[in-house]
Amino acid sequence: TPRYQQCNPKRRFLRLNDATMHRLHALAERVSYGGNPEHKRNPGDFGLTPPAGPRQGKSLCDTAEIFARAEALTLLKEGLRKGLVADREEHGWPKNIWAVTKAGIPLEAQLENPETGSYHGYPIPDSDPLAGEVIARWNNQHG
């Protein structure tokens, strides 16, 4: 049987210093949000067409109540400014950026286009041990 909601054990937070934070603030000015229709039942203003049969086990952004691309982009930028990024990169972009909604739901964004710095995001399932760490770091960072 297929296993859904697998946690990637390789995800690690980048160690932060002044130079790194400066670079992340610069990236926050250029980052973009693409979105992934597999994570949407209600596409809002993302301009995505949900798949006819959403993949089982895909966490839906709808559960995080994010329906506007601008809101997703704001969270992505805030995650960068707070330094909640993965230590793995591609073309200078972190593979993952983490954020937390106003309702306290932890999110993970995944790099989808390393040429443009475009990401898509989704709620982190409660079963993922990273969820608690993302919330703790989000609350302790001032960006």
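## Reading a helix pair and a few loop residues

Author: The axes of helix 1 (residues 18-28) and helix 2 (residues 69-81) come within 8 Å and cross at roughly 165°. The model is predicted: local features need pLDDT of at least 70, side-chain atom pairs count only at pLDDT 80 or more, and totals for chains, interfaces and linings use all residues. Residues are numbered from 1 along each chain as its sequence is written, and side-chain values use heavy atoms, with hydrogens and water left out.

Reader: How is a helix pair described, and what counts as an axis or a helix?

Author: Two packed helices are described by the angle between their axes and the distance between the axes. Axes are lines fitted to C-alpha atoms, for helices over the stretch in contact, with angles from 0 to 180 degrees between N-to-C directions. Helices (H or I, at least four residues) and strands (E, at least two) are DSSP runs, numbered from the N terminus.

Reader: At roughly 165°, how do helix 1 and helix 2 run, parallel or antiparallel?

Author: The crossing of roughly 165° makes helix 1 roughly antiparallel to helix 2. Angles under 35 degrees count as roughly parallel, over 145 as roughly antiparallel, 65 to 115 as roughly perpendicular and the rest as oblique.

Reader: Which hand does the crossing of helix 1 and helix 2 have, left or right?

Author: Helix 1 passes helix 2 in a left-handed crossing. Left-handed means that the near helix is turned anticlockwise from the far one by less than a right angle; clockwise gives right-handed.

Reader: Which residues of helix 1 and helix 2 meet?

Author: From helix 1, M21, L24, H25, L27 and A28 meet K77, L80 and R81 of helix 2. By class, this contact has 5 nonpolar, 1 polar and 2 charged residues. Contact means heavy atoms within 4.5 Å. Ala, Val, Leu, Ile, Met, Phe, Trp, Tyr, Cys and Pro count as nonpolar, Asp, Glu, Lys and Arg as charged, and the others, Gly among them, as polar.

Reader: Where are A72 and R69, and how is their accessibility read?

Author: A72 is found in helix 2, and R69 lies in helix 2. Buried means under 20% relative accessible area, exposed over 50%, partly exposed in between (1.4 Å probe, protein chains only). A72, at 8%, counts as buried; R69, at 27%, counts as partly exposed. S32 is 9.4 Å from A72, C-alpha to C-alpha, and 40 residues away along the chain.

Reader: What about phi in the loops?

Author: Most residues other than glycine have a negative phi, and most peptide bonds are trans. H91 has a positive phi of about 55° although it is not a glycine. H91 lies in the loop between strand 2 (89-90) and strand 3 (93-94). H91 is exposed, at 57% relative accessible area. E115, 24 residues apart from H91 in sequence, is 6.9 Å away in space, C-alpha to C-alpha. E115 sits in the loop between strand 5 (106-113) and strand 6 (118-123) and is exposed at 61%.

Reader: How many helices and strands does the chain have?

Author: The chain has 3 helices and 6 strands, in the order α-β-α-β-β-β-β-β-α. Of its 143 residues, 42% count as buried.
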